[in-house]
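Here are my notebook entries from an afternoon with this model. Have the structure open beside you and follow along.

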Amino acid sequence: MIYRNKQISRICLALVGITIAIVLASLLFGLLPDESRKELNIRKKIAESLAIQLVTALHQNDLRTIRNTISLIEGRKSDVLSIALRKADGSIMAASDGHAIFWAGADPNRSIPTHVHVPIHNEDSIWGNIEIAFRPLSSDKTIMGLPKTVFLFLGFLGAVGFISFYALLRRALRELDPGGIIPKRVQTAFDTLAEGVVIIDEHESILLVNQSFSNVFGQMDETFFGKKMNDFAWRERNSTERVRDFPWSDALREKCTLTAVRLDVLDVSGKVRSFKVNASCILNEKDKVSGAIVTFDDNTELEQRNEDLIQSIEQLKLSELEICRQNEELYYLANHDPLSKCLNRRAFFVNVDEYVESCPHEEFSICCMMVDLDHFKSINDRFGHAVGDDVIVGVAAILRSHVKDLGFVGRYGGEEYCIAMFGLEKEACKNLAETIRNEIYELSSSWLPVDERVTASLGLAISKKRNCPVQDVINQADRALYLAKESGRNQSIFWDEIPRNCSTGSERSLAVTA
């Protein structure tokens, strides 16, 4: 009720403002009486009448009548301050008391509303003037730029108009109150519902809302009457774009019922609320649209829980990926030499054994290659371990680039590498060994600070027997490496090329010192 009275007051003020604007416009276009012009006309008539009387007495040379007439006019006309009869030479023939004071500052050549000249002619010359001093026009008194009388009129019009409009609108709205068609018990029943309920007319203006809907916007039920449903800050689901097709508009247009339409809206606190909207068209007895009932099921909390759950799942996925990445990193660190990036000795044997177990019998062929750098200790002694590490890294990169998918490369010892390759013939293994040996020699200049070279000795062994232990093949390659180093280094030798009467020693302890 308080809100409604405020609304009526605002409408009354608007109507009063419009009325005053119309009056001011009428005054501007001269449609209202002009008091200043009326006063000027009265003063003109006074001046004309006085001139006739004084000229008549002047022709009769009746100075007494002139003075009596001046005194009589001054006494009867409250607007007249003083009157004088002045000759052309400036001398005063007759005048009121204090005329000199009231006439001070007057323009002798022009009449104004407060100082009027009436010339008296004698044939072709001017005999003199009748001077009349008037009070200022009442219209000259202004308040806020408006004549006082106009201001008083507008004030009276505004006060009376506001009271009249207020009484009329209050009575009219009481008779035409759209909420009056909704019984109080119906409103009470709607207020008990947890979901928001809104009843609109055929023009989508609100007739009734329940308490649940009012709470969303922090307003009283009465404040919604007459508002348009589309004027609220409705948004598309999970978007900042305004809604274009409202479900209640479609329901009114199609005379149908729409259910579970998802909409978002900004509530009184600026928070986005999510609703599942149902809109049903209401038809009268003539099957014409008379309005619609719209319900709003608040899913904000449920949506928030779903979003939190989705975020939790995403976080778990990220955690799982991070764990997998860390596990892969740990697996890599556990199976690779950190300097050369080759498989460490344990991982090398595990990978080779697994491959041998899974390889088909008819495709089985294993070639083992032992690579050892010649005189590597002297490199560390002469250039330092940092240069030695560069050599280790460079050689490992050459080995990995050539082996790739052919097999596995492992760091067997300090400067010694072991390679296991599958599916290659002897000649291909021999050619690959020579290529690796030559490339180590060519690229070694970039690893050393002076113009020197690094050489490598290689021992090879090949077997096509699945039942032959891998370690036996590696041992054969290791003995071939021993012979390569003993025979002058910087060369590659196959195990089966060693003369049977050539002793290679039974243990690696017999190998030539690098």
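**Entry 1: a loop residue and its surroundings**

I started with Ser 239, which sits in the loop that runs between strand 9 (234–235) and helix 8 (247–254). One reminder to myself before going on: this is a predicted model. I looked up the exposure of Ser 239 and got a relative accessible area of 25%, so this residue is partly exposed.

I found it in a salt bridge with Arg 237, where the closest N and O atoms are 3.5 Å apart. The two partners come from distant parts of the chain, 27 residues apart: Asp 264 belongs to strand 10 (residues 257–266), and Arg 237 to the loop between strand 9 and helix 8. Which of the two is buried, and which is partly exposed? Asp 264 is the buried one, at 3% relative accessibility, while Arg 237 comes out as partly exposed at 21%. The cut-off for buried is under 20%, so Arg 237 does not count as buried.

**Entry 2: other salt bridges**

I then asked for the total and got 18 salt bridges in the structure. Glu 301 and Arg 305 form one of them, with 2.7 Å between the closest N and O atoms. Both residues are exposed. They are four residues apart in helix 9, which means a separation of about one helical turn.

Helix 11 (residues 376–383) holds Lys 377 and Asp 381, also four residues apart and about one turn of the helix. Their side chains meet in a salt bridge at 3.0 Å, N to O. Lys 377 is exposed at 55% relative accessible area, and Asp 381 is exposed at 56%. I also noted a salt-bridge network that links Asp 250, Arg 253 and Glu 254.

**Entry 3: rings**

How many aromatic pairs does a search of the whole structure find? I got 19. I picked out Phe 275 and Phe 296: their ring centres are 5.8 Å apart and their planes stand at 80°, so I logged the pair as edge-to-face. Phe 275 is in strand 11 (residues 272–283) and Phe 296 in strand 12 (residues 289–298), so the pair ties together parts 21 residues apart in sequence. Both are buried, Phe 275 with a relative accessible area of 6% and Phe 296 with 1%. These two rings belong to a cluster linked by ring pairs, which also includes Phe 213, Trp 234 and Trp 248.

The charged end of Arg 345 sits over the ring of Tyr 412, 3.9 Å from its centre, and that of Lys 426 over the ring of Phe 494, at 5.2 Å.

**Entry 4: a proline and a surface patch**

Pro 113 lies in the loop between helix 4 (99–102) and strand 3 (115–122). I found it partly exposed, at 36% relative accessible area. Leaving out residues up to four places away in sequence, Pro 113 touches Leu 40, Arg 43, Phe 134 and Leu 137. Arg 43 is 70 residues from Pro 113 in sequence, yet the C-alpha atoms are 8.1 Å apart.

Leu 330 is in helix 9 (residues 300–335) and is exposed, at 55%.

Terms used. Residues are numbered from 1 along each chain as its sequence is written. Side-chain values use heavy atoms; hydrogens and water are left out. Helices (H or I, at least four residues) and strands (E, at least two) are DSSP runs, numbered from the N terminus. Buried means under 20% relative accessible area, exposed over 50%, partly exposed in between (1.4 Å probe, protein chains only). Rings of Phe, Tyr and Trp (its six-membered ring) pair if their centres lie within 6.5 Å; planes under 30 degrees apart count as stacked, over 60 as edge-to-face and the rest as tilted. A charge sits over a ring if NZ of Lys or CZ of Arg is within 6 Å of the ring centre and within 35 degrees of the ring normal. Contact means heavy atoms within 4.5 Å. A salt bridge is a side-chain nitrogen of Lys or Arg within 4 Å of a carboxyl oxygen of Asp or Glu.
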